[in-house]
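Reader: I'd like to walk through this model with you, and I want to know what stands behind each label. Shall we start with how the helices cross?

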Amino acid sequence: MGNSRSFEDLVAEGAAVPTEGWDFSWFEGRATEARPSWGYARTAGDRLTWANTALDVQTGGGEVFDFALSRAAVQPPMMVAATEGWPPNVAKATALLRSRGVVVVAAAEDAPLPFADAAFDLVLSRHPVRAHWPEIARVLRPGGTYFAQHVGPRSAVELVEHFLGPQPEDVSGARDPERERAGAEAAGLEVVGLRAERLRMEFHDIAAVVHFLRKVIWMVPDFTVEAYEPQLRSLHEQIETNGPFVAHSTRHLFDVRKPLA
């Protein structure tokens, strides 16, 4: 297929792009990922219309929550909060969401949620590192809803295994939706809906791969260009010869309710 730019030039570009937030616009024309059919951010906006109090867990740079709030058909909820653990994203989300009245609270992803029991009608999350079901159950009021899009098992496994080799099942299957359903039910929650999809991804140059692995840090833990230079070079040559590198992401949608009783 060919690319006029050198491996070194492309890798340097991918290594230089800022990684804050969940804005993926830099990938335009360089990488694609099919979107789930359910339209999470749009549907979250519909849910916000009916909530008085809402929380977005692990909000990233706040972009998805901001879009969902912009879609809410009436006034946004009376109290709106978000949590985020990574300091650059806390700053970014605070700046973005302030005008919508959102309080952004710095909280580590594995820490208890810093809110009172039964504080929220609606808890949202897009791609949490993992769902802390007992905490979600605690902060939801009876009758409240957790609505979230999770990353599924073996997501982008083709890319991960290019860098790390074959992954054992307990690693690659860690985000299994049925296992997560069991966790929600063990916390006393009712899973009203659970949908899963497998979606095509394409990487058109090695810069896109470098930027993706720097941004989505759990894919190849401790990724650096230096440590993985041989794998990057072989993948670059593969893309040059065969065209885009294809992988598949997995996503699932949780619609979970806290029982009234």
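Reader: Which hand does the crossing have where α1 passes α10, left-handed or right-handed, and how do you know?

Author: First, a bit of housekeeping: residues count from 1 along each chain as its sequence is written, and side-chain values use heavy atoms, with hydrogens and water left out. This is a predicted model, where local features need pLDDT of at least 70 and side-chain atom pairs count only at pLDDT 80 or more, while totals for chains, interfaces and linings use all residues. Now your crossing: α1 passes α10 in a right-handed way. Helix α1 covers residues 7-16 and helix α10 residues 229-242, and their axes come within 11 Å and cross at roughly 115 degrees. Axes are lines fitted to C-alpha atoms, for helices over the stretch in contact, and angles run from 0 to 180 degrees between N-to-C directions.

Reader: What makes α1 and α10 helices, and which residues make the contact?

Author: Helices are DSSP runs of H or I with at least four residues, strands are runs of E with at least two, and both are numbered from the N terminus. Contact means heavy atoms within 4.5 Å, and here F7, E8 and L10 of α1 make it with E229, L232, R233 and H236 of α10. By class that is 3 nonpolar, 1 polar and 3 charged. Nonpolar covers Ala, Val, Leu, Ile, Met, Phe, Trp, Tyr, Cys and Pro; charged is Asp, Glu, Lys and Arg; the others, Gly among them, are polar.

Reader: Why is α3 called roughly parallel to α4?

Author: Their axes are 9 Å apart and the packing angle is about 15 degrees. Angles under 35 degrees count as roughly parallel, over 145 as roughly antiparallel, 65 to 115 as roughly perpendicular and the rest as oblique, so α3 is roughly parallel to α4. This crossing is right-handed. On the α3 side you'll find E63, F65, D66 and L69, meeting K92, L96 and L97 of α4. That contact has 4 nonpolar, no polar and 3 charged residues.

Reader: How do you get the volume of the largest pocket, and what is it?

Author: Grid points are joined across faces, edges and corners, and the volume is the space filled by probe spheres set on the points. For the largest pocket that comes to about 820 Å³. F24, E33, R35, R126 and H127 are the closest to its centre, out of 34 lining residues. The lining divides into 17 nonpolar, 8 polar and 9 charged.

Terms used:
1 Å grid on protein atoms, 1.4 Å probe; cavity = no way out; pocket = protein on both sides within 12 Å on 5 of 7 lines; lining within 4 Å. Left-handed = near helix turned anticlockwise from the far one by under 90°.
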